[in-house]
Structure formats: structure tokens, C-alpha cells
Amino acid sequence: MLAKMNESVIVVHSALSAEHRAGNTLELVFCIQLHSGAPNAFTLPRYSGSAVRPRPMTNATRQIQYFLLSQDFSDGVRITLAVLLPPLLLGQIGQLDTGISLSIGALCISLIDSPGPVKHKRNGMLYGNLAIFLVAMLTGFARLSPWTMGLEVLVLSFIFTMFNVYGNRAAALGSAALLIMILNMDRPLTPPQVLTHSLLTLLGGIWYMALGLLIFRVWPYRPAQLAIGECVHAIAQFLRIKASFYHAHTDLNRSYRQLVAQQVVVNEKQEAVRELLFKTRQIVRESTPESRRLLLTFVDVVDLYEHITATYYDYAALRAQFQNTGVLTEVGRLIEQLAEEMDTISLAMQANRGFHAAPNYSQQLEHLQAHIEAVGRQHPEVRTLVLKKLLISLRNLVQRLEDVIGYFNTQTHKPTRRTAEVEYGRFVSHQDYGIGVLRSNLTFKSAIFRHAVRVLLASGVAFLIAKLVFAGNHSYWIVMTTIYMLKPAFSLTKQRNYQRIIGTLLGGFLGVLLLVGITSQTLQFVFLLLLMVLAFSFQRRHYLTYVTFITSFVVVMLSFLGGSYLAVAQERVLDTVVGCFIALTAGYLLFPNWESEQLRDYMARVLSANRRYLQQLAESLAGHPPDFIHYRLARKDVYVSSANLAAAFQRMLSEPKSKQQRSEDVHQFVVLNHILSSNIATLSAALRAQPSRALSAEGQRALRRALSALTTSLQKLTPAASPEPVPALPAAPAAQAEKPPTADDRQVLEQLEFIQKVSGDISRVTEAVLA
């Protein structure tokens with residue numbers, strides 16, 4: 001719970017300009033990718049000494065460890081092995097071309113092998129193998145005439161782009177099919193060779209699928225373990241940003257900007273774990289110790305994240321009151337130490353090794369308590385209740401962290417009742433693969449349909465330019481760059497094109513530098529392997545790095561095949577610039593999809609989620625037992641919708657200024673909703689610890705007004721939808737209502753009034769956005 005908030009004004013920090021994160025779209029090639037009005041400030045002497053040891057800086061060694069133990073690096077090694085082994089082995093017996101055909105099939109199927117449940121991976125790769133075989137056959141014959149090849153580029157570009165309506169894995173399947181088309185469009189095959197090459201491509205895809213499924217068979221729980229470790233690492237970064245709010249030298253506006261951006265990352269990691277855990281039969285239905293441990297640990301991790309997000313305070317007022325006491329610095333250090341502990345836990349999870357908690361936080365918490373009491377004794381006129389509440393929050397955080405550490409104790413028998421209560425299927429989305437989904441999107445009202453038409457037209461232009469203007473040994477690179485750099489949203493297209501051009505220039509320079517500086521073919525081959533592993537490891541992690549390494553790899557590889565590396569580098573850069581120009585022009589001129597046009601939907605979803613979350617709080621305050629499933633579902637919806645809105649807002653900031661509408665007001669909306677959900681979570685956590693509360697008439701009035709304000713805002717954002725009724729507040733039992741209010745009850749009332757005020761501010765900001 002929070003200390004009393006000054007009701008005068010809430011000044012929300014504006015002008016957020018968060019950098020947009022890179023997306024996860026792949027492109028591979030192979031041979032031949034966050035004040036209220038502050039009370040009067042005062043000065044206190046600094047408290048000498050501190051039991052909190054400073055957090056060591058995260059060094060390069062730690063970052064390298066994270067990378068080497070990550071799922072991305074594991075995938076990079078596997079893809080490299082699957083793609084490189086066939087030509088290496090078959091090349092020894094003079095069948096290099098056969099090995100390359102196998103490698104192309106393995107490479108295409110690797111695009112579909114994104115993290116997820118093994119059933120989805122298997123089915124996706126099965127359908128992918130069928131697709132690449134048929135497309136390889138079709139391309140082999142269509143390439144015999146420029147007219148039929150051009151027609152195939154147009155038709156397949158549209159069809160496989162429409163696969164986006166079926167989700168990310170189906171979109172990856174479409175990318176694989178387009179890749180095999182592009183790689184084969186200039187491959188000199190005679191009609192009798194087409195079937196043989198297509199079968200070899202299929203065999204390469206089956207080889208990659210068999211390798212991936214075999215690894216899962218040997219280590220079935222490893223992907224989920226890695227995903228949970230990465231989730232803990234993302235939450236540790238979120239907690240470290242929260243620590244910055246307690247340091248006087250940090251800019252609150254910048255800290256909020258970082259917090260909102262990291263919220264997007266945490267949501268992505270949590271969604272990835274949900275997909276792996278709740279859709280994997282071996283984990284959900286089998287009652288093995290390891291599966292129970294993974295499920296319960298993830299529940300503890302989400303509870304830990306909820307507790308971190310619930311700790312919201314008026315940081316400007318805190319600084320004005322207690323900046324010169326040293327208390328806030330001590331709090332910040334302790335939170336940073338807890339974040340460092342979480343990072344160590346994450347590393348141990350990813351390394352699959354034991355973990356022993358190093359510090360005893362009881363001493364630090366007792367020291368902080370003594371510090372707070374000293375401030376209260378020296379200045380009795382100052383209310384230190386907010387600091388005491390903060391101390392309680394830190395104690396709870398330590399306890400929740402210890403729950404997560406229980407993952408490493410195989411002798412700890414956690415209660416399995418919680419597992420039985422969770423209906424796992426309700427916490428994950430389920431994709432409909434019916435033909436009706438595709439049919440309903442065949443309209444210009446669909447963003448995916450507009451994107452498919454855009455890709456069709458752009459790929460046609462790229463094909464013509466590749467054949468008529470920049471015809472060369474690898475002119476298909478122009479078509480490849482155009483198709484893979486053209487994204488549904490212009491912001492993504494713009495960012496990816498810049499990254500592609502810069503990465504290609506850097507990669508071409510690096511590749512030439514390696515070939516000029518290293519004359520030994522053995523060393524060149526070692527660097528070729530390194531470039532290959534790094535490229536495939538960074539394809540989902542950091543696109544610019546990926547493009548740099550894959551370009552260097554291509555230059556070195558083609559040099560091994562006897563080509564001129566300088567000519568290859570020059571052609572690669574030229575084709576990339578031409579393809580990026582076509583993609584960027586098409587993204588801007590052809591049915592552009594601006595984020596400002598989608599923001600209203602994202603804002604409505606956040607308001608709807610926060611309204612349901614507040615309704616769950618109202619039921620608890622009325623004395624009704626909370627529904628475990630409904631509460632967690634409401635909490636999850638808040639996390640997901642808030643992260644989606646924050647990501648969309650960041651993307652809008654990367655679009656042309658003329659397309660950015662009311663960016664400061666949208667930023668206020670994002671931050672206010674974060675403050676609202678944090679306060680709802682704070683009260684919800686307090687109610688779980690002490691469920692017996694008396695909801696006064698004033699409290700019910702504050703709740704009704706808050707719900708009414710959110711409902712009104714939602715109706716303004718969705719005028720075409722049916723009017724949203726104000727949720728009815730459940731009546732409190734008569735015996736509970738007659739209880740005299742306690743000090744804690746008054747604190748609850750103050751926080752409910754604060755929630756009412758924030759909801760009112762959201763309503764006013766919504767009007768400003770829609771003005």
C-alpha cells in the first residue's frame with residue numbers, strides 16, 4: 001500500500017521517445033539477415049554507513065556468458081551443424097552440389113524452427129518440407145521462361161505473405177517457401193535435374209527436422225528451462241530500472257522511458273514461456289518432478305514480476321522529502337543488489353547448474369529499518385510511513401525471490417494444489433487455421449491483405465529491375481532484399497532497411513578484411529564457421545549484428561567457391577541498396593499502415609484490461625473470495641495489452657513526423673495506465689496478505705467513479721461498439737460494513753481515491769488524444 005498522496009496535481013512526465021526495438025522477422029541466405037506537488041522539502045544529515053554492498057557492474061564476461069548459454073546461441077550452433085555438415089561430408093567424395101542442395105533445404109526449414117512447443121515445431125516443419133519441395137519443383141520449371149518466373153514471383157509472394165493471418169510460425173513457413181523460390185530462380189537446372197534437386201532439398205529439410213527433434217528428445221525440458229532463465233533475466237533488468245527511480249541523479253522521464261520499453265521485453269519473454277509450458281503435453285500433463293518444478297517456478301516468477309510492478313510511489317515527492325537522508329540511496333542499492341541476484345539466478349538456470357544465495361538480506365533489511373527509524377526520531381514532524389511501506393515491500397520482494405530460488409532445491413516439495421487450479425489452456429492463445437480466417441482477410445480492410453498486395457507489387461518491380469537493369473550472378477539478392485525488408489508497418493520497414501544497409505556495408509568490409517588479412521585457408525575456414533554460428537545466433541536477437549555477420553559469411557563463402565570477393569562484396573552492397581529502396585518506397589506509397597491509425601485499438605484494449613483488473617479488486621474489497629483463475633487472467637491481460645500499446649507507441653515515434661498524432665498525449669496515456677495497474681496490483685497484494693477489509697461508502701464511491709471514468713474512456717475509443725455498461729460493484733457483507741475503520745482501512749481509502757484520480761486523468765488524456 002502507498003502512503004497518502006498529495007491530491008493537488010499529478011504531473012505525468014511527457015515527451016517519451018523510446019527507441020523502437022527490432023522485430024523478429026528472419027532473412028537468411030546461403031552461398032551461392034517513465035509528481036505530485038511535493039511537500040516542503042527539508043534537509044537531514046546523511047546517515048553514515050551502509051550494510052548494502054554496491055552491485056558490481058555487469059561486465060563483458062557476464063554478457064558473454066548470457067549469450068553462450070542462451071537459446072539463440074544453441075539454435076545458432078544447431079543450424080550451423082545442419083547446414084554445413086552435408087557439403088563438408090559430401091564434398092569429400094566429389095558431391096559438393098548434392099551437399100549444397102541438402103543445405104539449402106535444411107536452411108529453409110530452420111526458419112520455421114522458432115522456439116515453441118515441440119508439436120507446433122514438428123507440424124510446422126512437416127508442412128514446410130512439403131511446401132519447399134513443391135515450390136522447388138515449380139520454380140525449377142518456371143525459371144525456364146522469364147514470363148513464367150515473373151508470374152510465379154507475383155503469385156507466390158502474395159499467397160505466402162497471406163500466411164501471416166495464421167500466426168508467426170505459418171508466416172515463417174511462408175518465408176521459407178519464398179526463400180527456396182528466390183534461391184532457385186537463377187539456378188541453372190535442366191528439366192531432368194529439377195526433380196532430383198527438389199528431392200535433395202526435401203531430404204535436407206527432413207535432415208534438419210530429424211536433428212532438431214532428436215535434440216528435443218534427449219533434452220525435453222531444456223527449451224523451457226532456457227526460456228524461464230531469459231524471463232528472469234528480463235525481469236532483473238526491469239527491477240534494475242526501478243532502482244534508478246530512487247537515485248537523485250537519474251532523470252525520472254528517462255527512467256520511465258526505459259521502464260516502458262523493458263515492459264515490452266518482459267511480456268515477450270513471459271509469452272514465450274507460456275507457449276512452451278502450457279502447450280507442451282509432456283510438461284502440462286506428465287507429473288514428473290522436473291515438469292512440476294518448471295510450472296511452479298514460472299508461477300513464482302510471474303508473482304515476483306507483479307510485486308515489482310506494484311511498487312509505485314510518487315518518486316518526485318520521495319526525492320524532495322528524503323533525498324538528503326541517504327535512505328533512498330540505500331533503497332536503490334538494495335534493489336540493485338536484488339536485481340543482480342536475479343541475474344545470477346538466471347545465469348544458473350541457463351547453465352543448468354546449482355545456485356546458492358550469496359548474501360543474507362536480513363542484515364540489509366534490518367540496517368534499512370534502523371536508518372528509517374533514525375530519520376523518524378530526528379524529525380518527528382515528518383511522516384516516514386511511506387518509507388516503512390517501502391521496507392515492507394522490499395521484505396516481500398526478498399521472500400518472493402527466495403521462492404524462485406526454490407527452483408534449485410530438488411528436495412523442496414511445493415504444494416501441487418496450485419498446479420491443479422490453473423487451467424493452463426486459458427493463459428495461451430489458440431490459432432485458428434480454418435480457411436475462414438484467410439477468407440475473412442481478403443479485403444483491403446485487412447492490414448495483412450494490404451501488405452500482401454504491397455509485397456506482390458514490390459516483388460514484381462524488383463524482379464524486373466533484377467532482370468533488366470542489374471542483371472548479374474546474384475541479382476536474385478534484389479528480390480530477396482525487397483521481399484524480406486518490406487514489413488506490414490512502415491516503421492518496421494524503415495528500421496529494417498536502415499539496419500540492412502548499414503549491416504551490409506559493415507559485413508562486406510569485414511569479409512574483405514578477413515580475406516585480405518588472412519591468407520591461410522584453414523584460418524579462413526575457422527572464421528567462416530564463427531561467422532556462420534554468430535549470424536544464426538543473432539537472427540532473432542539483433543538484426544543489425546545478424547546482417548553484418550551473414551554478409552561477411554557470404555563474402556568468405558563465395559571466395560571459397562572460387563569467386564572474386566571484391567566483386568561479390570560490391571554486388572551485395574549494390575543489390576541491397578536497390579532492394580531496400582524498392583521496399584522503403586513501397587512501404588511509404590502503397591497502402592501504408594501507420595501506427596497512429598492502430599493506436600486507438602491498442603488503447604481500448606488497455607482500458608478494457610485495466611477495467612477488468614479493477615473489477616477483480618472491487619470484488620475482493622467487497623469481501624468475496626477472489627477467483628484465482630479470473631484474477632490471474634485479468635493480470636495477464638493487463639501485462640499483454642500494456643506491452644502491445646507501448647510497443648506500438650515506440651513504433652509510431654520512428655515514423656515520419658507528419659504521421660505522428662498527439663504523441664505527448666499518447667505517452668501520458670501509456671504512463672497513466674502503468675500507474676493505474678501498479679496501484680491496483682499494490683492493493684490486490686495487500687488484500688491477499690490481509691483479506692479482512694471494510695469497504696466504506698467513500699471507498700465504494702471512489703471505486704464506482706474510477707470504473708465509470710474508465711468505461712467512459714472506453715466508449716469514446718470504440719464509438720461503433722455496443723455501449724459498455726459500468727460494472728456493478730458487489731455488495732459488502734453487512735457484518736463487514738459495520739466494522740469501524742482501522743488505520744489500514746483509511747490507507748485503502750486513500751489509495752482508492754488515488755486510483756479514482758488517475759482514472760479521471762486517463763479520461764481527460766483520452767479526450768485529448770481523440771481531439
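Reply: Happy to! Asn267 counts as buried, because its relative accessibility is 8% (buried is under 20% relative accessible area, exposed over 50% and partly exposed in between, using a 1.4 Å probe and protein chains only). Before going on, note that this is a predicted model, in which local features need pLDDT of at least 70 and side-chain atom pairs count only at pLDDT 80 or more, whereas totals for chains, interfaces and linings use all residues. Numbering starts from 1 along each chain as its sequence is written, and side-chain values use heavy atoms, with hydrogens and water left out.

Asn267 sits in helix 9 (residues 252-278); helices here are DSSP runs of H or I with at least four residues, numbered from the N terminus. Leaving aside residues up to four places away in sequence, Asn267 touches Tyr639, Val640, Ala643 and Asn644, where contact means heavy atoms within 4.5 Å.

Next, the nonpolar cores, each a set of buried Ala, Val, Leu, Ile, Met, Phe, Trp, Tyr and Cys residues joined through side-chain atoms within 4.5 Å. The largest has 118 residues, and Tyr246, Leu277, Ile345 and Leu614 touch the most other members. With residues up to four places away in sequence not counted, Leu614 touches Ile680, Leu703, Ala706, Leu707, Leu710 and Ile755. A second, separate core of 79 residues includes Ile109, Leu111, Ile132 and Phe538.

Two helices can be checked for length, with the expected span being 1.5 Å times one less than the number of residues. Helix 6 (residues 168-184) has 17 residues and should span 24 Å, which agrees with the 24 Å between its end C-alpha atoms. Helix 11 (residues 289-310) reaches 31 Å from first C-alpha to last, close to the 32 Å expected for its 22 residues. Helix 11 is also largely enclosed by the rest of the structure, because 18 of its 22 residues are buried.

For contrast, Phe591 lies in the loop between helix 23 (565-589) and helix 24 (599-621). Phe591 is partly exposed, with a relative accessible area of 30%, and its phi is near 45°, a positive value in a residue other than glycine. Most residues other than glycine have a negative phi.

Conventions: Helix = DSSP H or I, 4+ residues; strand = E, 2+ residues; numbered from the N terminus.
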